[in-house]
Structures are given as structure tokens and as C-alpha cells.
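Trainee: Could we go through this one together? I'd like to understand the ligand site.

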Amino acid sequence: MTYSYLSHLYCPKCGHTYDTSEQHQLCTCGSPLLVDYDLNAISSVLSPDVLTLREPSLWRYHELLPVEVEANVVSLGEGMTPLTPFPRLGKDMALEKLYMKDEGLIPTGSFKARGAAVGVSKASEVGVKELAMPTNGNAGAAWALYAARAGMKATIVMPNDALEITRNEVALSGASLYLVNGLISDAGKIVGKAVKDYNLYDASTLKEPYRIEGKKTMGLEIAEQFNWQLPDVILYPTGGGVGLIGIYKALKELKALGWVEGKMPRLVAVQSTGCAPIVKAWEEGRRESDYWNDSETLAFGINVPKALGDFLVLDAIYATDGCAIAVDDESMLHEQAKIAQMEGNFICPEGAATFTAARKLREDGWIGADETVVVLNTGAGIKYPDTVQVKPEMLEKEDTIIKKGEESKN
Ligand SMILES: *Cc1c(COP(=O)(O)O)cnc(C)c1O
Ligand SMILES: [Zn+2]
């Protein structure tokens, strides 16, 4: 049985194609490369009902993933995360069918595990022994830990103010960790130099072709979890935009396979008002974005001033009649607390920003009351303990609890 129906790599800008048996980074024209499969062959050997019998991880879609030999799979059981209805929050937003895809429940606590699992597995298959990457934290943590599981070396560079827990994850994995007094773009320049100096595999966002393939499984799972009936709107917190590009790619592949039909979900890129290059480009009707100066937001995962795949994100938005929208940190934190109170889930700031955007788009009428809406929560709130400040009352040992406005029963 064929494990993967991987066919070749191609450039979405200049059309150049590449063979998958060797290591590849960007196209010679500078564009990211995308992966193609023999979808005709897949549709003749695989049907959706077979999938439901498989293990609950993203590897259930192995025909649509790039790893060719099953023994090369490096896995911690990632994928098949819950798609949870949010009825109380939905009511509060006047949305009848609101769902959250919860990527907080995945190894390393963020959806970066998907890209890392597939990216590291494929890197290992093509003989990579050492990789390097810049990160805002979560990606570095995921790639360092999956690299450790694969027995591969990793060099990770992150901004000094990236999430502290991700430093610890990287360091504990045995990877070489460097902090930089600057942004992810500065970390990227340093990694670029190290890659040349030491001939390392560059695992920067979209500089290797396979991270998208891991992230696309979010789209495959959403379709499967809705029993192959697509939702109306999918909202995604967008930094590098890999998840959004991946979800769009997944939906196109499913259409080509004939497993889903009808209108594509409208894809929404959510950014922070402190870093909104994609939103600006979309508002101006452009197909590429400009570098966003002095970017700043508490939602570190979406603090990306210029994404290499911006044109692919914008393509996906235009092609699905989607939109791009920015929200501020204050409303994001407000929404984060509301979700914990109404739905019992402590989600990450990026996810909270995405719910804030759903609320706004509903208020503006861009989303209708009866539409099925999926919000991606890309990570666990507990990875970001410092975004929440609390001052509980301190008791002495002999104190009793006095509830305000309530009389004690004795
Ligand atoms: C990296 C990250 C994002 C942004 O992901 P992209 O696919 O690069 O746009 C969103 N949320 C969290 C928690 C992240 O770590
Ligand atoms: Zn090209």
C-alpha cells in the first residue's frame, strides 16, 4: 500500500517544479514552494469512511501528507483536536452556530506541533541532520522538541521578549538557544547567516515546503468533523499565515477529491492593530503586504511584520470572499476572560483576538446570525501566564471567608 501520494514541489509564482527526493528551501525565484499530490490516484484508493476508522492523529491523512515511508514519521500523537460548540459565547455574540477548534490540546501546547511533526518527519526522510530557525516562541519550542524526538540537532533564535516558557522548552530539548534583542525579523537575519556559514537546513516559516502540509490538516479535520459539510466562515489568527494557507490548500484538495462540494468557507485573517500588514494590504485591495514598522502586541504568535507567504494569504482571502481584520490587545484580553467565564476554556491571546474579530464581524453584519462559524484557538492560555494579572485576597491561617453581599448560614 502506498503511504503517500506525494508527486512534486511547485512554485506558485513562476511555476518551476522540483523533485521531492532532495532537500529544498525556496524556489530560485525566492518564492515559497508548495507540495502537490496525485489526487486522482488518491480518490481511487481512499474514501472518507475509511478515514474514520483510523488512529485519531493527523497521520490519518497520510496519503495527503509528504512523508513517503511510514517508519520516518516522527509523532507525539498530534492532531484530531476537539471541535467544540460554544453556545453561551455564541448567544452573547448573536451567533447560533459558533465552534472552536482547540489547538491548545496538542503536544507543546500550540498548533505549531502540526507543522513541526510533518516538517521534521520529512526533513528526516530527506537526510537533514541539523536545522535552524527564528521564532516568536511556539514554533521554536515545537520544532526543537520534535527535532529531539527525531534525533536531529536544532539551533533556535528568538526575540528576548518571546514567551518565557518557550525558551525553557527549547533549552530543555537540548537545542542551541539564542535570544536576540529585536524582532523575529532580526532573528531571521541571524539564522540566514548561520544557515550559510554552517550549511544548516533552514526551517524558517515557509523556507521549507512541508510545514504548510502539517498545518493543512486543521482544514482536513474541520471538514471531517463536520461530516464533510463545510462551515460558512473560518477565522484564523494570522502571523506568517501558514495555517490559513494550509487550510485553503486542504479545502481545495478535498474539493478535487470530490469529498466536499459547494461554496468554500470565507477565510478571515485576524491580526492585531499593533501589527496588521495583511489587513492593510487587503483594505487597499493589494496582493502583497508592506513591512509593518514598530510592531507590538501581546499576541506574540501574530507579531510578524512581513510574511514571506503574504501573497498566498491574500490569494486565499480573495478567492473565498473572505476578509482581514485587526483587533486591539485590550478587547482581546476582555474576550479571553469572557471565554473562560462562559465556556470554561483558558485560550491563548491569539485565539482570543480571533473571537473578538468574530464578534466584530457579526456586529457589522459581515457574518449572519445563522451561519456556521469556526474559530481557531491556536494555543493553550496556560503558556502565557503573564497576560493575566490577578490579585486574590490573602488570608491568614485563622481567617474565615467573608463573601461580599452574602450572609453566612451560621
Ligand atoms: C505562530 C502562531 C500563530 C500564527 O500562525 P501562522 O500560521 O504563522 O500565521 C497564531 N497563534 C499562535 C499561538 C502561534 O504560535
Ligand atoms: Zn519560482
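Predicted model: local features only at pLDDT ≥ 70, side-chain atom pairs only at ≥ 80, totals over all residues.

Trainee: How many residues surround ligand 1, and which are the closest?

Mentor: There are 17 residues around ligand 1, and the closest are Lys-112, Tyr-236, Gly-239, Gly-241 and Thr-378.

Trainee: What classes are in that shell?

Mentor: Sorted by class, the shell holds six nonpolar, eight polar and three charged residues.

Trainee: And which polar atoms lie by the oxygen atoms of ligand 1?

Mentor: A backbone N or O atom of Gly-241 is 2.6 Å from an oxygen atom of ligand 1, a polar backbone atom of Gly-239 is 2.7 Å from an oxygen atom, and Lys-215 places a polar side-chain atom 3.3 Å from an oxygen atom of the ligand. Ligand 1 taken alone exposes 390 Å², of which the protein buries 96%.

Trainee: Switching topic, where does ligand 1 lie relative to the domains?

Mentor: Ligand 1 lies between domain 1 (6-75 + 110-202) and domain 2 (83-105 + 216-387), because both give residues to its shell.

Trainee: Which helix and strand supply at least two residues each?

Mentor: Those are β10 (233-237) and α9 (242-257).

Key:
Residues numbered from 1 in each chain as written. Chains lettered and ligands numbered in written order. Heavy atoms only, no water. Near = heavy atom within 4 Å. Polar contact = N/O pair within 3.5 Å; in protein donor to acceptor, adjacent residues only side chain to side chain. Areas by Shrake-Rupley, 256 points an atom, 1.4 Å probe, with all protein chains shown as cover. Helix = DSSP H or I, 4+ residues; strand = E, 2+ residues; numbered from the N terminus. Nonpolar A, V, L, I, M, F, W, Y, C, P; charged D, E, K, R; others polar. Domains from an automatic or database assignment.
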